[in-house]
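Here is a short report on selected features of one protein model. Keep the sequence and the 3D view open while reading.

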Amino acid sequence: MAETMKGLKRTHRCAEVTKKEIGNEVTLMGWVQKSRNKGGIIFVDLRDRSGIIQIIFEESDVKAEGFAKAEKLRSEFVIAVVGRVEARSGAVNENLATGEIEIRATELRILSEAQTPPFPIEEDSKTKEDIRLKYRFLDLRRPDIQKNLMLRSKVAASVRNFLSEEGFLEVETPMLIKSTPEGARDYLVPSRVHPGKFYALPQSPQLFKQLLMCSGYDRYFQIAKCFRDEDLRADRQPEFTQIDMELSFVDIDDVIDVNERLLKKIFKETIGIDVQLPIQRITWQEAMDRFGSDKPDTRFGMELKDISDLVAECGFGVFTGALENGGSVRGINAEGQGAMPRKKIDALVNFAKDFGAKGLAYLAINEDGTYKSSFAKFMTEEELQAIVERMEGKPGDLLFFAADKNKVVWDVLGNLRLEIARNLELLDKDKFNFLWVTEFPLLEWSEDQNRYVAMHHPFTMPMEEDLDKLDSAPGEVRAKAYDIVLNGTEVGGGSVRIFQSDIQSKMFEILGFTQEEAEERFGFLLNAFKYGVPPHAGLAYGFDRLVMLMAKEDSIREVIAFPKVKDASCLMTNAPDVVDEKQLEELEIVIAERRKDN
């Protein structure tokens, strides 16, 4: 039968006990990591969120009933122990923070017994993720997960402290809002009080934070829950968290300045990393030309080189055909990989096809300076030499080339350089390379919708220099938008907002909205803009992504307490699930499958 804590008060967490307490009595409570009965003496590793400490039970120190209870201890029993702190009688355990001390127990209470868990509670678990997530309440006991969640808490506290000191006000915005479908799909919530009508869960607090600027709050922030009904991957969840902010009477440099100082503070305070300021800035165009990505990983080189001018009149139809169709020919240099086996090259060619490549040309530079290539027979020696020089190739290097429309070439080579870097283990998680990417295109053409769509959102300000192109060449207009990138992951993004009604109307017109449609979707914001709106700008971080990188994890599921899996379900609670027919009736909802059954 479980015992109570009556008369006991915990004095320390397990790993908070130090050599300074030697000779003192302490009361500890936690979970049994493991128990070892050596006959007459029992060693127990006691664990809580702070770490592990060794407890010794000897018949001479505890009452007979206490020793008998100690003999029953198994993994994950919850116990309370009173005992004296002593220096270790055996070898010091250098792997533990408490490895120089142990607790000689004088009293034991079993607060809760436990069944044998379905997997060991240990760091770096080899248990399949679906099993761990089904028993997430056990998985959360693992020290590495606890360390991640404690880091997450520290980062949140650091963010709040910094922004509060900078004059930001923390304001909560609604979770039940109007659906404004433009971008990812909304999660919809049916209304019982208004049958047939729906709320949406916010994809971000975007409209409300702009309204707060209209209301004169000057500097706002929120650690906000957001929801998007989209396909998942390692750094996406249907519900996620943003560090959201908005500022009035500012321009790009002001937003970047406060955020650089924020990043410097939280990285130093939480993981001891010095972020060097100012953070490098490059334009979107430069990012695409050099890295084939608008979120470049700069921990390694292998930058793209454009060789279009060198092959414009060559005899290789793949290259010239791409150029005739308005595309380009670009390459990357996998330094020192000239001897890569054909099997691995073929695997990279197949990888490239997943990103739209019809094929992948390559040229290996042998150690004697000769070439082994898939296209050399179509080239003159001079043309090959010019290509190698442009690519900064040297003996032992392997060059890859893609030829197609720019978008395809960037996508292929941008992902190929990352795949090669992964294969060569060039992605050092101990490096934290930040980069600002600026001057994004304002718009991108959607083949599916046969219209321009906003690359960020419909309230992003065009660059003043490009305003005259809104009618004549909207695809060439650059936005006053900026992303903060860390190790090839976009961890935050924002923009200067449109605050002039004529520019906002023109933006809606380009996006294909009629005046009535704009009023229907965004009328409450447009109405607010009629009553005096300050110039304003903002930025939002993907909080989960940021903590994931700080914790050196590969998935945001490792830094979220109760995450969903790839099909957006929760294995632990079995959500989403069917609901009672009565609940549906109250909402005046009929499920299609049930209607067929009837």
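## Model

This is a predicted model.

## Helices α5 and α14

Helix α5 spans residues 206-214, and helix α14 spans residues 515-528. The two pack at an angle of about 15 degrees. Their axes are 9 Å apart. Angles under 35 degrees count as roughly parallel, so α5 is roughly parallel to α14. The crossing of the two helices is left-handed.

Which residues in α5 and α14 meet? From α5 come L207, Q210, L211 and C214. From α14 come F522, F524, L525 and A528. By class, this contact has 7 nonpolar residues and 1 polar residue. It has no charged residues.

## V491 in strand β21

V491 sits in strand β21, which covers residues 489-496. Is V491 buried or exposed? Its relative accessible area is 1%. Buried means under 20%, so V491 is buried.

Leaving out residues up to four places away in sequence, V491 touches I484, L486, A540, Y541, G542, L546 and L549. L262 is 229 residues from V491 along the chain. The C-alpha atoms of V491 and L262 are separated by 13 Å.

## Aromatic pairs

A pair of aromatic rings is described by the distance of the centres and the angle of the planes. The model has 19 aromatic pairs. One of them is F316 with F378. The ring centres of F316 and F378 lie 5.2 Å apart, with 25 degrees between the planes. This pair is stacked. F316 lies in the loop between β12 (305-306) and α8 (317-324). F378 lies in the loop between β15 (371-373) and α10 (381-390). The pair therefore ties together parts that are 62 residues apart in sequence. F316 counts as buried, at 10% relative accessibility. F378 counts as partly exposed, at 36%.

F508 lies in helix α13 (residues 501-510) and F522 in helix α14, so the pair ties together parts 14 residues apart in sequence. Both F508 and F522 are buried. F522 also takes part in the contact of α14 with α5.

## Aromatic cluster

Which residues form one aromatic cluster? They are F316, F319, F375, F378 and F401. The cluster includes F316 and F378, the stacked pair described above.

Note on methods. Residues numbered from 1 in each chain as written. Predicted model: local features only at pLDDT ≥ 70, side-chain atom pairs only at ≥ 80, totals over all residues. Heavy atoms only, no water. Axes fitted to C-alpha atoms, helices over the stretch in contact; angles between N-to-C directions. Helix = DSSP H or I, 4+ residues; strand = E, 2+ residues; numbered from the N terminus. Parallel < 35°, antiparallel > 145°, perpendicular 65-115°, else oblique. Left-handed = near helix turned anticlockwise from the far one by under 90°. Contact = heavy atoms within 4.5 Å. Nonpolar A, V, L, I, M, F, W, Y, C, P; charged D, E, K, R; others polar. Buried < 20%, exposed > 50% of the residue type's maximum accessible area, 1.4 Å probe, protein only. Phe/Tyr/Trp six-rings, centres within 6.5 Å; stacked < 30°, edge-to-face > 60°.
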